[in-house]
Amino acid sequence: MKRRYIYAIAAVIMLFAFSCTEKWDQHYEPGSKTVDSDIVEVVDMSAEEYIQTNSDLSSISTLFAEQDVYTKLETKDQLFTVLVYSNSVMSGAQIENANFFANTCVSDLAFTPTKLVDGLSIKMWNGKYLEVSVEKTASTTEYFIANSRISKIIQVDNGFVYVMSDAIYAPKSLYEFLTDLGSEYSMFKDLVFEYEESAFDRENSIPVGVDNTGNTVYDSVFVSKNLLMDRYDSGGSESWNMRSEFFSSTVLVPNNTLVKGALDKAYQDVRDALNREPNANDSLKFEQFIIKSAFYSSMLTPEQLDGTEDLYSVSGYIEGESASTPGVQWRPTVQKVNTSNPVTLSNGVAYYTTALKIPNNVVVFRIKNRFYIWEYCNETEKEEYYKWEGLGNISIVDDGGFGPLGPWPFIPYKTVRAWPTDEAKANESVCSVELTGISLKEDGTVAVVMVPPGEYSFSMGFKSNKFPHTFQIYFNDELVSDDVNPNIHYDRTNNGFPEGYVPADWAAVSNRASYYDCDGGEIGIVTITGTELQPIKIKVASNDIAAIAASGNTKGRYQLYCWTLRPTENNY
């Protein structure tokens with residue numbers, strides 16, 4: 001925008017250039033109607049009267065009347081600063097929210113010209129702070145509010161009216177931006193505000209009396225909280241919320257199509273990978289990821305959002321929780337935002353999301369199955385899903401189990417047992433079983449597990465009985481470990497737990513709470529390639545068990561319990 005220069009009056013030059021101590025409100029005595037200045041005028045009328053009687057301010061005057069600005073000015077017994085615009089400026093103004101725009105025009109403080117110093121912030125009725133800037137040359141001084149040049153200053157009976165050269169669009173706060181989102185973003189908006197709660201603010205509520213029972217009666221003030229996203233430090237003090245102007249923030253906003261698509265894809269992955277229908281806990285987890293992944297406690301740059309480094313959303317304590325909540329992982333190489341069109345906010349920046357996925361490591365907490373479901377297979381399925389080499393006499397051994405613990409169900413300790421065949425012992429050959437990953441469905445039938453591509457921590461459990469042999473473990477035909485000790489006692493390793501299970505919560509119920517339904521012993525990290533969900537194969541081989549069994553050692557046998565795939569952070 002091309003700026004025109006303002007030539008200040010001699011009195012202003014004296015006041016600013018020669019540091020005269022005389023104040024403007026003392027200098028312009030009542031009755032002083034004219035001042036030799038291009039930008040300053042003193043009138044004997046109120047701000048309301050001046051604006052209403054000035055024909056070139058008729059447009060802003062109409063707006064003030066419609067938005068009750070005049071009514072508020074008249075009911076407050078104080079001085080004001082009012083920003084106004086000529087009709088020509090108003091004709092080109094892009095006003096999205098008339099009330100918000102009108103309330104950007106008034107401050108409850110009267111700012112004399114001598115107070116217009118570079119960097120001053122003026123708080124307006126809508127809570128926005130507009131910054132003053134001063135540009136000086138050898139012969140001129142220009143004054144700006146929020147980059148709009150002051151073209152004229154009128155001292156009125158109840159303050160000052162500043163005529164501005166360009167319309168000022170005070171940026172909305174993050175919270176206001178969310179509140180004003182259109183119907184295209186209603187799913188995201190509803191998810192966020194579902195966690196909104198109005199809470200009594202005792203500190204800012206004024207006691208006005210005592211009732212008949214002796215309880216204090218307040219002129220009550222209520223504040224909004226977001227039970228999911230408000231964050232606190234370990235001492236309980238606020239460390240971030242989306243409403244405050246004092247926290248720098250970023251919000252990434254997905255439209256309804258993206259939200260629905262991400263949820264639908266996640267639900268289908270549950271059906272395919274876990275062989276069950278999505279439940280309420282799945283929905284809660286997926287929806288909370290969409291919310292949490294949208295908010296950041298810093299202003300993210302386009303370079304960060306278009307980069308290759310993972311970002312983590314706002315973290316900290318949620319009110320009432322004893323442990324800090326980590327930020328959720330946002331991978332810019334998968335998730336996408338429109339970085340070419342950011343929305344400036346008064347307390348940060350907003351971007352519109354263009355691609356949204358609920359990550360594999362959120363959809364699939366872990367995939368765990370047990371070898372004993374062999375007994376639920378029909379004969380055809382046993383032959384198809386369990387390929388035994390050099391092993392026979394297959395049976396199920398039931399050693400009881402663990403639990404239940406409150407709502408956490410009983411975990412059976414059943415194993416599949418197999419012995420080296422006579423031929424294998426005679427030849428001291430390698431013995432193995434190759435398992436196609438299958439799961440037991442609620443109806444008692446089995447189904448092939450379809451696993452999303454990506455990186456997983458792969459664990460297994462057997463039975464500890466001082467077995468002397470070792471195992472070689474293959475995953476999808478690739479050797480993961482060639483020296484696995486089989487004395488991993490079922491899954492009782494304190495390595496991984498079911499989703500939502502906290503061992504400390506059940507320590508008083510069982511001194512074995514930290515062993516409940518663990519992953520088993522970690523075998524290694526495996527990667528499933530490709531782009532589609534796919535079946536997996538696990539092979540357990542031993543090159544010394546046949547010889548051990550041939551020697552008469554009764555511990556020369558297989559006793560297999562479970563396998564687990566837990567997505568790593570890299571599995572996005």
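**Labels and their cut-offs**

Biologist: What makes Asp310 partly exposed?

Modeller: Asp310 has a relative accessible area of 22%. Buried means under 20%, exposed means over 50%, and partly exposed is in between (1.4 Å probe, protein chains only). So 22% puts Asp310 in the middle class.

Biologist: Which ground rules apply here?

Modeller: This is a predicted model: local features need pLDDT of at least 70, side-chain atom pairs count only at pLDDT 80 or more, and totals for chains, interfaces and linings use all residues. Residues are numbered from 1 along each chain as its sequence is written, and side-chain values use heavy atoms, with hydrogens and water left out.

Biologist: How do you know that Asp310 and Arg331 form a salt bridge?

Modeller: Their closest N and O atoms are 2.9 Å apart. The definition asks for a side-chain nitrogen of Lys or Arg within 4 Å of a carboxyl oxygen of Asp or Glu. So the pair qualifies. Arg331 sits in the loop between β18 (329-330) and β19 (336-337), and Asp310 in the loop between α12 (302-305) and β17 (311-312), so the bridge ties together parts that are 21 residues apart in sequence. Helices (H or I, at least four residues) and strands (E, at least two) are DSSP runs, numbered from the N terminus.

Biologist: Is Arg331 buried or exposed?

Modeller: Arg331 counts as buried, at 14% relative accessibility.

Biologist: How many salt bridges does the structure hold?

Modeller: It holds 24. One of them pairs Lys152 with Glu41, with the closest N and O atoms 2.9 Å apart. Lys152 is in strand β7 (residues 148-156) and Glu41 in strand β1 (residues 40-42), so the bridge ties together parts that are 111 residues apart in sequence. Both ends are partly exposed: Lys152 has a relative accessible area of 30%, and Glu41 has 23%.

Biologist: What makes Asp517 and Arg370 a salt bridge?

Modeller: The closest N and O atoms are 3.0 Å apart, so the pair meets the distance criterion. Asp517 lies in the loop between β31 (478-484) and β32, while Arg370 is in strand β22 (residues 367-370), 147 residues apart. Asp517 is buried at 9%, and Arg370 is buried at 15%.

Biologist: Why is α9 called roughly perpendicular to α10?

Modeller: Helix α9 (residues 186-193) and helix α10 (residues 256-274) pack at about 70°, with axes 7 Å apart. That angle makes α9 roughly perpendicular to α10. Axes are lines fitted to C-alpha atoms, for helices over the stretch in contact, and angles run from 0 to 180 degrees between N-to-C directions. Under 35 degrees counts as roughly parallel, over 145 as roughly antiparallel, 65 to 115 as roughly perpendicular and the rest as oblique.

Biologist: Which residues make the contact?

Modeller: Ser186, Met187, Phe188 and Leu191 come from α9, and Asn256, Val259 and Lys260 from α10. Contact means heavy atoms within 4.5 Å. These residues divide into 4 nonpolar, 2 polar and 1 charged. Ala, Val, Leu, Ile, Met, Phe, Trp, Tyr, Cys and Pro count as nonpolar, Asp, Glu, Lys and Arg as charged, and the others, Gly among them, as polar.

Biologist: What makes strand β29 largely enclosed?

Modeller: In β29 (residues 454-461), 7 of the 8 residues are buried, so the rest of the structure largely encloses this strand.

Biologist: How do you know that β29 pairs with β32?

Modeller: DSSP must find at least two bridges between two strands. β29 and β32 (residues 521-528) have 7, in the antiparallel sense, so they pair. Ser459 stands opposite Glu522 there. β29 also runs antiparallel to β35 (residues 562-567), joined by 6 bridges. Phe458 stands opposite Leu565 in β35.

Biologist: What makes β23 and β31 edge strands?

Modeller: They belong to an open sheet of 5 strands, ordered β23-β26-β33-β30-β31, with antiparallel pairing. β23 (386-389) and β31 each pair on one side only. Neighbouring strands of the sheet are turned by 15° on average, direction ignored.
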